[in-house]
Amino acid sequence: MITINVFSTKYNGVFHPFGIESLYHLAVYIREKNIDIELDDLNTLTLEVFQYLINNNIIYVLENNWMKNKELNKIKLSNNDLIKNIKEKMSSSKSMDEFYDFYWIKYQNWYREGLENKGLNVYTIKWNEFINERIGDLEKWIEENKPK
Amino acid sequence: MYYNANNELKASLIGYNLTHEEMQTAISNQSFDGFWDKIYYLDLEEIEIIEATPKSSKVSARRRRYHECDGIFNCDANGSNRWTRYGNNSGYGGYSGSGSSYSLPPLSNLPPQVAAALQAAGVFLGVNYNNRAPAGYGYNYTSPVRYFSVEDLTIPNTNSNSTPTPFNRRYFYYFPELKNKITTYYNQVYVSYINSYMTSTQTTLEDHNNKQRFITQFFKFLYKLRTENYSAFNYLANNPQKTVAVFNFLAENNSFNAYEFAKSTIDILSLPVITSNNKIDYAEEILRLTNHLKSFGNIEDEIYADYIQSLIPEFNNMTINEVRAIYGHVKTTCNNLTIKYLKEIITPIVTDLVIPVITYALFEATAGTAVKLLQKIPLPLVLRGARLNNLILKTTELGNPGFGNARLIPNSTVAKAEALFASLTKDAISVVPAANNPAITVAHMGNGMKIILRPISQTVPSAVRVIEYQNFNTLLGVDSFSLKFIP
């Protein structure tokens, strides 16, 4: 069983608000860090990180019209239902390519703006340096800054 | 007698203990391989005449040579003049005779097989096989043979009726660099036995004649160029490296076509960078440059030339600055390629040639021109395989790095991004909307590789379009790489 510490420097790229764009890209990111990972493990890890991000109100799943994703547009899913939905989709997928069309994510405004106020922009690529110099403890910063 | 590598005249006797048949074999092989243990030499500088005390009659001398001193062979070790066996067994891998332990003779400083090669080529050692030893001695000796050096070269004069000037006395007014170049060229002697060139200040009559012929031809070519195209001649005179490049090229490719090519090359290189306010002037120059590429370049260059020529009809809709910029790119590319033609056959893949134009389109040109430049990228340039891969690779170096596997392409518009996507996917297997999201366009490029166009980026909200390369792992090392176009 692989476990993951999202705040380790290995994985903390998932917190960069101008990086990952969808569940697919999240999976790609995690696979890059674990090249030979099995699909089941990859799905588990991806879901684990995704859950953390969505439960802490850092990201939300996009339901904009451009998606024209009727399935997601019809109903506004609760976080739990969304996770359940993703699990079902994952269990029937043979590769992560298959959920490319689904679950586009966006970082919450409070989160992105909070970091932007600290000097982050789309050209910030030295993420660890940024965290160390401007934020310090990211987990603590999230706790302190997330909407109560 | 022979000249050694230091150009000193040396004298030695070489004795061949060969039967007539063996000598005939060596002559027909142009090599003493197989007979080295039957060849001896004697340094004449060191010779000390010892009275021959033959213990044998002339008749039996040859047979008994190995056993008794006959004044030349097998004398008492007290004598300083020793015939030394041409051992050819000094560890260079040559034929090693029957247990011969003689050291390598100081006939030259070369390893024996190289000496053999030179000998076979008629260089240095200058064995005259026709000279026989006086009757009864049973061995042959060398006789003086004339060798040629760069000082024997002559340079023709402008007036073909006047006598050519000896190389050493010739003052190279326009091309001072040629003096050294010609010397270097002359001193490269080809040795077929080792299929390579060696440096030597001496060469054979035949080699000298070939070189003299080329030098004469080359200077006549320069004189003709001066009469027919003075500006091209002048360009050469002012660009010594180019002169040397042309010299090298012609020395290696001595044919009518090569001279025609050299003429066109010098002509193209000598064209000044024009400044005009008239687009037609640029169009004419561009045609001239690209036609040169089409005549002498390879297929990659031809595709490039076709692409550039297809832009000419669009000049009306471009600003004069844009036309000038395109001309500038073509001029640089054409010059670089032309110099490459002279030096080597390998030319860059066409995508490398086009990248400056694409970069210009994305970052500098006005929207309309940019779209034209991108749209006109021809199919052969984006054929799946090496060319498309190379182009994709180049695009991942455009703009600025973004976080993750992304590049941010500033100064973008929807039209530019879409035009680039359309060009990149001209050879796609299919271009279809994504199954669950018609706003996403997916171009299938084979083997699971996809180029995807997305209308927006979630995480870079300002991006107007995203082009994503999916599953190009072999090429890009990652599952997904995005070009994010931001205004």
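Predicted model: local features only at pLDDT ≥ 70, side-chain atom pairs only at ≥ 80, totals over all residues.
Residues are numbered from 1 along each chain as its sequence is written, and chains are lettered from A, and ligands numbered from 1, in the order in which they are written. Local features need pLDDT of at least 70 and side-chain atom pairs count only at pLDDT 80 or more, while totals for chains, interfaces and linings use all residues.

Chain A holds seven helices and two strands, where helices (H or I, at least four residues) and strands (E, at least two) are DSSP runs numbered from the N terminus. Along the sequence, the pattern of chain A is α-α-β-α-α-β-α-α-α. Of the 148 residues in chain A, 30% are buried; a residue is buried if 20 or more other C-beta atoms, placed from the backbone, lie within 10 Å of its own. Two residues are in contact if their C-beta atoms, placed from the backbone, lie within 7 Å. Among the contacts in chain A with a separation of 6 or more, 64% join residues 24 or more positions apart.

Chain B has 16 helices and 16 strands. In chain B, 36% of the 487 residues count as buried. Residues 24 or more positions apart make up 56% of the contacts in chain B with a separation of 6 or more.

The contact between the chains involves 27 residues from chain A and 22 residues from chain B. On the side of chain A that touches chain B, helix H1 (23–33) and strand E2 (105–107) of chain A each supply at least two residues. H1(A) gives the most to this side, with four residues. The residues on this side of chain A comprise 15 nonpolar, six polar and six charged. Ala, Val, Leu, Ile, Met, Phe, Trp, Tyr, Cys and Pro count as nonpolar, Asp, Glu, Lys and Arg as charged, and the others, Gly among them, as polar.

Within chain B, helix H7 (residues 240–252) and helix H11 (residues 320–343) pack at an angle of about 40 degrees, with their axes 8 Å apart. Axes are lines fitted to C-alpha atoms, for helices over the stretch in contact, and angles run from 0 to 180 degrees between N-to-C directions. H7(B) and H11(B) are therefore oblique to each other; angles under 35 degrees count as roughly parallel, over 145 as roughly antiparallel, 65 to 115 as roughly perpendicular and the rest as oblique. B:Ala245, B:Val246 and B:Phe249 of H7(B) make the contact with B:Ile339, B:Leu342 and B:Lys343 of H11(B).

Conventions
Buried ≥ 20, exposed ≤ 12 C-beta atoms within 10 Å, placed from the backbone.
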